[in-house]
Amino acid sequence: MDLLLNINWTDLLNPEFYISHGGIWLLLFIVYAETGLMFGFFLPGDSLIFIAGIYSQKLIKSVIPAGLGSDFLNLLLLIVLLSACGILGNMTGYWFGKKSGSYLYKKKDSLFFKRKYLDQTKNFFDQYGSQTIVFARFLPTIRTFAPIVAGIVSMDRSKFMAYNVLGCLLWIITMAMSGHYLDKYFIDQWGIDIKEHLEVIVIGLIIVTTIPFVWKYFNRKKI
C-alpha cells in the first residue's frame, strides 16, 4: 500500500521502476500486454527489454537462485521467456481483432483506447502488408495495434504466426543483447555506466530501427 501511495505517474515511464519493484513476472506481463492488449500502448517496451538485458542475471536468479551456471545461459533463458510472452501477446491481439471486427472503428476514445493509433496502424498495414507484423515490433504504439488490425482484416493465420515469431525474436534478441553486451563493453572500455544514460541509448536504437521505414515512406510520397 505504501508503494502505491508513493508512485508518481512518471515512474510508469521509467523502465528501471518495473525491474526494481516488479521483477521478472511484471516484466513478462508488460511484454505480453504491450504486444497484445490495447491498454499496453503507453508501456516502455523497448527500454524495458533493453535494461532487462543488463539485469538478466539478477532477474533469472530471482526465480532460479543458483542461476544457470553462466551469464550467457541466464541471458538466453530471459530471451526465451520474453519471446514467449511477446508471441502470446500478438496472438491475443490477433484473436481480439478477429472477434471484434469493425467494432473498434466505432468505439469512442477512452483512457485505454485511442482511435488515432488504430488508424495509424491500419495505414501502416496498408502500406507494408503482412510485413507490418515484423516491422511493428520496433515501433512504439504500432506494435500494440498491429496484431489487432491483422485480426480485423483476417490476415491468414499461418502467415501471421510466421511473421509473429520472426518479428518477436528479432525484437527481443536485438534489444536484450544490446543492453547486456553494450553495458559490459562501455564499462570495460570507458568506465561508463549506460544505465545512467538509458534514455539516450534507447532513443538511438529506436531511430536506427525506424530510419528504413521513414525513408521508404517519404520516397513513396515523392512518387
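The largest nonpolar core has 33 residues, and those touching the most other members are Leu 27, Ile 49, Leu 78 and Leu 82. The model is predicted. Two or more residues of this core come from each of helix H2 (15-34), helix H3 (45-54), helix H4 (56-61), helix H5 (71-100) and helix H10 (157-190). H2 gives the largest share, nine residues. In soluble globular proteins, nonpolar side chains tend to be buried together.

**Nonpolar cores**

- Ile 49 is in contact with Val 31, Leu 82, Trp 171, Ile 172, Met 175 and Ala 176, when neighbours within four places in sequence are left aside.
- Another core, of 24 residues, lies apart from the largest one.
- Members of this other core include Phe 41, Tyr 117, Ile 142 and Ile 152.

**Cysteines**

- The number of disulfides in the structure is zero.
- A disulfide needs two cysteine sulfur atoms within 2.5 Å, and the sulfur of Cys 85 is 8.8 Å from the closest cysteine sulfur, in Cys 168, so the separation is too far for a bond.
- Cys 85 is buried, with a relative accessible area of 16%.
- Cys 168 is also buried, and its relative accessible area is 0%.

How values were computed. Residues are numbered from 1 along each chain as its sequence is written. This is a predicted model: local features need pLDDT of at least 70, side-chain atom pairs count only at pLDDT 80 or more; totals for chains, interfaces and linings use all residues. Side-chain values use heavy atoms; hydrogens and water are left out. A nonpolar core is a set of buried Ala, Val, Leu, Ile, Met, Phe, Trp, Tyr and Cys residues joined through side-chain atoms within 4.5 Å. Buried means under 20% relative accessible area, exposed over 50%, partly exposed in between (1.4 Å probe, protein chains only). Helices (H or I, at least four residues) and strands (E, at least two) are DSSP runs, numbered from the N terminus. Contact means heavy atoms within 4.5 Å.
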